[in-house]
Amino acid sequence: MVVKIDRKKCMYCGACVSVCPRVALNLKETWVDVNEKCIDCGICVKLCPVGAISLKERKK
Ligand code: SF4
Ligand code: SF4
């Protein structure tokens, strides 16, 4: 699985960034970046107030 962030929905509240146990999320100027430390725990997905984060099947 891989974390996907819908840039159109995201309002850059930063909530996902502070909750991630792996510090895999980073608030950039115009988007939220997910790095390779992500363990697909899904915490950020549940936390996002606007539902901008989803877990997608990782493409091979
Ligand atoms: S799924 Fe878990 S590890 Fe990955 S970015 Fe979200 S909170 Fe962080
Ligand atoms: S919690 Fe959702 S709206 Fe807030 S910064 Fe993260 S992805 Fe964007």
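Strands here are DSSP runs of E, at least two residues long, numbered from the N terminus. The model is predicted, so local features need pLDDT of at least 70 and side-chain atom pairs pLDDT 80 or more, while totals for chains, interfaces and linings use all residues. Residues are numbered from 1 along each chain as its sequence is written, chains are lettered from A and ligands numbered from 1 in the order written, and side-chain values use heavy atoms, without hydrogens and water.

Strand 1 runs antiparallel to strand 4 (residues 53–56), with 4 bridges between them. Pairing requires at least two DSSP bridges. Val3 faces Leu55 of strand 4.

Val3 also belongs to the residues around ligand 1, which include Cys20, Arg22, Cys38, Asp40, Cys41 and Cys44. A residue is near a molecule if one of its heavy atoms lies within 4 Å of it. This shell holds 8 nonpolar, 1 polar and 2 charged residues. Ala, Val, Leu, Ile, Met, Phe, Trp, Tyr, Cys and Pro count as nonpolar, Asp, Glu, Lys and Arg as charged, and the others, Gly among them, as polar. Cys38 is partly exposed, at 21% relative accessibility. Buried means under 20%, exposed over 50%, partly exposed in between (1.4 Å probe, protein chains only).

Around ligand 2 stand residues including Cys10, Cys13, Cys16, Cys48 and Ile53. The shell of ligand 2 has 10 nonpolar residues, 1 polar and no charged. Cys10 is buried, at 14%. The structure holds 0 disulfides (cysteine sulfur pairs within 2.5 Å).
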